[in-house]
Amino acid sequence: MFSEKIQKGLKKQLIRELESSQLYLSMASWSEYKGFEGICEFLYNHSNEERNHMLKLMRYINKRGGYAAIFPYENLHFYEKSYSYNSLKELFQKLFEHEIKISSEINILVELSLQEKDYFTYNFLQWYVEKQIEEENLSKSILSKIELIGDEKLGLYLFDRDLDKKF
Ligand code: OFO
């Protein structure tokens with residue numbers, strides 16, 4: 001049984017994934033503008049990944065007999081409203097906080113699927129649980145490295161040069 005409650009929750013998450021994709025995209029553009037070639041590549045690629053997370057939800061909802069309607073872009077709102085950052089540290093701090101919020105929303109959805117006894121959706125969501133563990137770790141580890149480097153220019157240069165190869 002694909003309940004209205006579950007559909008509503010999944011559609012909300014679909015929009016969150018689209019917003020995540022846009023957030024990564026705006027961060028990628030800022031990094032490119034600032035001359036961080038490796039970091040921007042990493043963020044552009046991740047923006048595509050987030051779009052794929054959105055597509056996965058869309059196709060699941062439609063497959064279960066729901067309708068994953070997509071709203072115009074004007075209706076999207078970022079968690080994070082700024083499009084500019086004072087530093088790379090600030091950017092990755094915000095990214096890390098964003099991923100934590102997404103994880104807590106996935107957890108709420110998992111709980112809902114159990115309440116509704118929708119074990120298909122419970123099973124489907126396990127992929128997102130795994131992803132969020134990965135992504136929280138990834139953004140945390142990048143943030144820790146940037147904190148370690150501090151304002152040291154050579155360190156930042158090397159980090160930027162190697163980032164896309166490492167992750
Ligand atoms: Fe969609 O994986 Fe993070 O946000």
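This is a predicted model: local features need pLDDT of at least 70, side-chain atom pairs count only at pLDDT 80 or more; totals for chains, interfaces and linings use all residues.
**Exercise 1. Classify the aromatic pair formed by Tyr60 and Phe124, and locate its two members in the chain.**

Solution. The structure holds five aromatic pairs. In the one formed by Tyr60 and Phe124, the distance is 3.9 Å centre to centre, with 10° between the planes. Planes under 30 degrees apart count as stacked, and this pair is accordingly stacked. Next, consider position: Tyr60 belongs to helix α2 (residues 37–63) and Phe124 to helix α4 (residues 119–149).

**Exercise 2. Classify the pair formed by the rings of Phe124 and Tyr128.**

Solution. The ring centres of Phe124 and Tyr128 are 5.5 Å apart and the planes stand at 55°, so this pair is tilted. Both residues lie in helix α4, four residues apart, which is about one turn of the helix. Tyr128 has a relative accessible area of 2% and is therefore buried.

**Exercise 3. Identify the cluster linked by ring pairs, and state which charged end sits over the ring of Trp127.**

Solution. The cluster consists of Phe2, Tyr60, Phe124, Trp127 and Tyr128. Over the ring of Trp127 sits the charged end of Lys56, 4.5 Å from the ring centre. Elsewhere, Lys140 lies over the face of Phe96, 5.6 Å from the ring centre.

Technical notes: Residues are numbered from 1 along each chain as its sequence is written. Side-chain values use heavy atoms; hydrogens and water are left out. Rings of Phe, Tyr and Trp (its six-membered ring) pair if their centres lie within 6.5 Å; planes under 30 degrees apart count as stacked, over 60 as edge-to-face and the rest as tilted. Buried means under 20% relative accessible area, exposed over 50%, partly exposed in between (1.4 Å probe, protein chains only). A charge sits over a ring if NZ of Lys or CZ of Arg is within 6 Å of the ring centre and within 35 degrees of the ring normal.
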